[in-house]
Amino acid sequence: MERQEQILLSLERFNFLTRSHIQRLHRLGGDRNAQKVLRQMEAYLHSFREGYDTVYYLNKSGREMIGAKKQVKRTLQTTHNLMRVDFFFHMGCPPHWFNERKVEIGGKVCVIPDALFFKDKQYNFLEVDNRQTMAENKAKVHKYRKMFESGVFQNDKNFGYFPTLHIVTVNKSRMKRFREICDGLPFQVYLIDEIK
């Protein structure tokens, strides 16, 4: 029962997880064992097929079991969430990982990245590019550039540096465009197919 509760808590934390994500997070061993464990949890989960994998999220019973308040539904953002989880694994599962956390300096919201995480003694921002237009992406990067140029993070006693902006995108042409619009910022761009 404890393992099941831990899996439910992971689903609350990440909203959506594939079978392989759950398998890796909770060390479920081979595919057959993972499927067996998840079959035993069907009363607490919704699932659907995405490519070659099954994606899971909490149903009402699952939310009640762990006291989760947020109800998630399958939307166009689901792939965006799964890409964020893929990057979480790529970064080695940082223990300090916060999805869509407001970052405030001096009581003022500066940015809400797709994820804020702490790795190698530094904070980092993550932005996932799945369905946004490049105009939307440019506007978002412009926010980061304004913060970088203002020195708001570099001059803050809790930071002292500007966090690296990590961007996960879907193809090489977008990767190239991100490299152009992020020039001058501390950043890294990744293709989702290369980090899965």
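In the hairpin of β7 and β8, two residues lie between the strands, and Asp-120 takes a positive phi near 55 degrees. Helices (H or I, at least four residues) and strands (E, at least two) are DSSP runs, numbered from the N terminus. Two strands count as paired if DSSP finds at least two bridges between them. The structure is a predicted model, in which local features need pLDDT of at least 70 and side-chain atom pairs count only at pLDDT 80 or more, while totals for chains, interfaces and linings use all residues. Residues are numbered from 1 along each chain as its sequence is written, and side-chain values use heavy atoms, with hydrogens and water left out.

β7 and β8 pair in the antiparallel sense, over five bridges. In this pairing, Leu-116 stands opposite Phe-125 of β8. β8 has a further partner. It pairs with strand β9 (residues 164-169) in the parallel sense, again over five bridges. Here Phe-125 stands opposite Leu-165 in β9. Is β8 enclosed or left open by the rest of the structure? Five of its seven residues are buried, so β8 is largely enclosed. Buried means under 20% relative accessible area, exposed means over 50%, and partly exposed lies in between (1.4 Å probe, protein chains only).

The chain as a whole holds eight helices and ten strands. Its C-alpha atoms fill a box of roughly 55 × 35 × 30 Å, taken along the principal axes. For 196 residues, a compact globule would have a radius of gyration near 16 Å; the chain has 18 Å, which agrees. This radius is taken over C-alpha atoms, and the globule rule is 2.2 Å times the number of residues to the power 0.38. Of the 196 residues, 48% count as buried. The accessible surface comes to about 11100 Å², and 46% of it belongs to carbon and sulfur atoms. Accessible areas come from the Shrake-Rupley method with a 1.4 Å probe; for residues, only the protein chains shown count as cover. A contact means heavy atoms within 4.5 Å. Among contacts between residues at least 6 apart in sequence, 54% join residues at least 24 apart.

In soluble globular proteins, nonpolar side chains tend to be buried together. A nonpolar core is a set of buried Ala, Val, Leu, Ile, Met, Phe, Trp, Tyr and Cys residues joined through side-chain atoms within 4.5 Å. The largest such core has 32 residues. Those with the most contacts inside it are Leu-11, Ile-22, Leu-45, Phe-87, Trp-97, Leu-126 and Val-168. Several elements give two or more residues to this core, including α1 (2-14), α3 (31-40), β3 (53-58) and α8 (192-195). α5 gives the most, with five residues. Which residues does Phe-87 touch, not counting those up to four places away in sequence? They are Trp-97, Phe-117, Leu-126, His-166, Val-168, Tyr-190 and Ile-195.

An open sheet of three strands has the order β1-β3-β2, with antiparallel pairing. β1 (17-18) and β2 (45-50) stand at the edges, each with a single partner strand, so one side of each is left without a neighbour in the sheet. β2 and β3 pair over six bridges. His-46 stands opposite Tyr-57 in β3.

Five salt bridges are found in the whole structure. A salt bridge is a side-chain nitrogen of Lys or Arg within 4 Å of a carboxyl oxygen of Asp or Glu. One joins Asp-31 and Arg-19 (3.2 Å, N to O). Asp-31 lies in helix α3 and Arg-19 in helix α2 (residues 19-25), so the pair ties together parts twelve residues apart in sequence. Asp-31 is partly exposed, at 42% relative accessibility, whereas Arg-19 is buried, at 13%. Arg-19 also meets Asp-53 in a salt bridge (3.7 Å, N to O). This pair links helix α2 to strand β3, 34 residues apart. Asp-53 is buried too.

Another bridge joins Arg-84 and Glu-100, with the closest N and O atoms 3.2 Å apart. Arg-84 lies in helix α5 and Glu-100 in the loop between β4 (97-99) and β5 (103-105), so parts 16 residues apart in sequence are tied together. Arg-84 is buried, at 2% relative accessibility. Glu-100 is partly exposed, at 43%. Salt bridges that share partners join Arg-19, Asp-31 and Asp-53 into one network.
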